[in-house]
Amino acid sequence: MKEMIKPTLVLLVICVVAGSILALIYYKTDPIIAENNRIEEENARKEVLPLADKFEPVCKNDNILYYEGSCEDELVGYIFKCSKYAYSSTVKTIVGIDTLFMITGIKIVSQQETPGLGANCSKPRFAEKFKNKNPETILVDKDGGNIVSITGATITTRTVTNSIREKFNKLKQKFNKK
Amino acid sequence: MKAFGELTKGIIKENPVFVMALGLCPTLAVSTSVNDAIGMGAAATFVLLSSNIFISLLKNFIPNKIRIPCYILVIASFVTMVDMVMHAYVPSLHKSLGIFIPLIVVNCIILGRAEAFASKNNVGKSILDAIGMGIGFTLAIVIIAVIREFLGSGTIYNISILPASYKPMIVAILPPGAFFTIALLMGLINLIKNKS
């Protein structure tokens, strides 16, 4: 009996100590992480739609559908977010389009793809590929389209491309209503 | 002199990667760029150092039967700490290392040193052992990364070395390139060892 109690108690003590330390660090770092993410999102919006200086969320039932970017009260474009599971993680992308529905810029806001391969999708060179393209018709080169895939990361490239196209097609009607 | 031996043995004589063949998964996976390799090496070294210290302090308190779960618990806690602190203070490095930070938990160098060294030696020796092993691991992963990044992207530490006309040897940054590189390096080290 004694042989069972001691290991259990030791494990319990270690768990409690480790758990409390982690809770403390989480409590300290969580607001910083949230703030970092917020700043990053705001910078990302400016990056994908550089013409706009004001961003207004358009909501439906408390969910943000997309953002309208405007400059001096004139609508200059839209920003939407899309995400899809790629090779080893969900890749979240934000996309800026102008009023003629051409892509003004994209930015990968979160991904955990393979470092050195799929992770290259967060580099500016990748975003360049999408500039001034019509989101309705983008496809990767292996599917016969106009987006050249990253070396060794076709799946990541295809996922990003498809997620942008699918989300755009879903939102297109809503943009047109205005 | 003996303490110095504990420190240096991990760097060459008992190099965790090239000689003991431990921790190959992160070594192969995160050696596509020197920048990531340094980050991975530093993070793993920190976890190794912290877990070695704690395990050698707790070695008399932990019953033999449940030592492995205890080690894993200590290691996992430190990894989670590193993950959260890096996410808060160095978000860019955290982003580029991605999934490999949580995977430090299963880096067998750390559990291996806890079981083989820290659970049998005092704190001072364990610290030296962890630093030595950490340097050995970092050195190994950086050497592989230098070779792979140079061949696969024509750069070292994101600085272009080769002219733009160089067509990168893409296989070097793909998984097979990691196996080729590590095999050639291990062979080279064994050759040198056998000669002397």
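Here is a short chat about the fold of chain A.

Q: What should I know before reading it?
A: This is a predicted model: local features need pLDDT of at least 70, side-chain atom pairs count only at pLDDT 80 or more, and totals for chains, interfaces and linings use all residues. Residues are numbered from 1 along each chain as its sequence is written, while chains are lettered from A and ligands numbered from 1 in the order in which they are written.

Q: How many helices and strands in chain A?
A: Three helices and five strands. These are DSSP runs, numbered from the N terminus: helices are H or I with at least four residues, strands E with at least two. The order from the N terminus is α-β-β-β-β-β-α-α.

Q: In what order do the strands of the sheet sit?
A: β1-β2-β3-β4-β5 in chain A, an open sheet with antiparallel pairing. Strands pair if DSSP finds at least two bridges between them. The edge strands are β1 (54–60) and β5 (103–110) of chain A.

Q: How many bridges join β4 to β5(A)?
A: Six, with β4 covering residues 90–98 of chain A. A:Thr93 stands opposite A:Ile108 in β5(A).

Q: Which helix packs on the sheet?
A: Helix α1 of chain A, residues 2–48. Among the strands that α1 touches are β2 (63–71) and β3 (74–85) of chain A. A contact means C-beta atoms, placed from the backbone, within 7 Å.

Q: Switching topic: how many residues does the contact take from each chain?
A: 26 residues from chain A and 29 residues from chain B.

Key. Contact = placed C-beta atoms within 7 Å. Axes fitted to C-alpha atoms, helices over the stretch in contact; angles between N-to-C directions.
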